[in-house]
Amino acid sequence: MALKTVIFYGSVRTARQGIRAARFIRRACEERGHDVTLVDPMEVNLPLLDRMYKEYGPGEAPENLQRLADVILPADAFVIVSGEYNHNVPPALSNLLDHFLDEYFWRPSAIVCYSAGAFGGVRAMIALRSMLAEMGMSSIPSILPIPRVQAAFDEDGQPTDPKTRPRADRFLEELEWYAHALKAQREKDPRR
Ligand SMILES: Cc1cc2nc3c(=O)[nH]c(=O)nc-3n(C[C@H](O)[C@H](O)[C@H](O)COP(=O)(O)O)c2cc1C
């Protein structure tokens, strides 16, 4: 059965660039047969965190939060597409992720990081790794850094560097291994 993969992207800036990286990885996942949902905070439109999803009683969560929970709960894998703001995780991304916790448990994550400069957002990736571990969706060893994100994709969203797609395929192959392994274990020993 197709892996259910949820991609989180975390910028709400009018001039945001990382959305192209998010759409690129969505397409790569789709082409590899995943059943994919891209979560865009601009569309989900959650407020700054007040109550986490788990703090609402059954049927009481706001509609947008419930819709997001309905996507997260059955997921097999998460891909987090993170920019780098002041060497750290963009606040719209941590706000989005912070609305949930237990709902992520027992699934792997994989980090696509990017920035305007040469380092591809790897400093934010280091901070993000410990957040994801705390959230019960530890990240796989490989990362997919995208330097100079503003020039990394053409008008059609295709990568301008021909090495990007094969790198993405190796990265996603690794995520798939972990996702299948944890899915098999969840089936043997369900945790919720
Ligand atoms: C508040 C802010 C802080 C930033 N800090 C960094 C940084 O620490 N390192 C870096 O490489 N780029 C930094 N940048 C540049 C971003 O890498 C670049 O603007 C990128 O496109 C941001 O992602 P977004 O367009 O998806 O919002 C920063 C940008 C903003 C808006």
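Is V79 buried or exposed? V79 is buried, because 27 other C-beta atoms lie within 10 Å. The cut-offs are these: a residue is buried if 20 or more other C-beta atoms lie within 10 Å of its own, exposed if 12 or fewer, and partly exposed in between, with C-beta atoms placed from the backbone.

Before going on, two notes on the source. This is a predicted model, where local features need pLDDT of at least 70, side-chain atom pairs count only at pLDDT 80 or more, and totals for chains, interfaces and linings use all residues. Residues are numbered from 1 along each chain as its sequence is written.

Back to V79, which is found in strand β3. Helices (H or I, at least four residues) and strands (E, at least two) are DSSP runs, numbered from the N terminus. Leaving out residues up to four places away in sequence, V79 touches T5, I7, I25, A110 and V112. Contact here means that two C-beta atoms, placed from the backbone, lie within 7 Å. I25 touches V79 too, and also I7, V81, V112 and A168, again not counting residues up to four places away.

Next, the core. The largest nonpolar core has 45 residues, and I7, F8, A21, I25, V81 and V112 have the most contacts inside it. A nonpolar core is a set of buried Ala, Val, Leu, Ile, Met, Phe, Trp, Tyr and Cys residues joined through C-beta atoms within 7 Å. Helix α1, residues 19–31, gives the largest share of this core, with six residues.

Now the chain as a whole. From the N terminus, its elements run β-α-β-α-α-β-α-β-α-β-α. The radius of gyration is 16 Å, close to the 16 Å from the globule rule for 192 residues, so the chain is as compact as a globular protein of that length. That radius is taken over C-alpha atoms, and the rule is 2.2 Å times the number of residues to the power 0.38. Buried residues make up 35% of the 192. Of the contacts between residues at least 6 apart in sequence, 80% join residues at least 24 apart.

On to helix α5. How far apart are its end C-alpha atoms? They are 19 Å apart, which agrees with the 18 Å that the 13 residues, 122–134, should span at 1.5 Å a residue. The expected span is 1.5 Å times one less than the number of residues. A124, M125, L128 and L132 are buried in α5, and what covers the buried residues of this helix includes β3 (77–82), β4 (109–114) and β5 (139–146). L132 has 21 other C-beta atoms within 10 Å, so it counts as buried. Beyond its neighbours within four places in sequence, L132 is in contact with I80, S109, M137, S138 and S139. After α5 comes G136, with a positive phi near 75°.

Two other residues have positive phi without being glycine. H87, in the loop between β3 and α4 (91–98), has a phi near 60°. W106, in the loop between α4 and β4, has a phi of about 70°. Most residues other than glycine have a negative phi. H87 counts as partly exposed because it has 13 C-beta neighbours inside 10 Å. W106 is also partly exposed, with 16.
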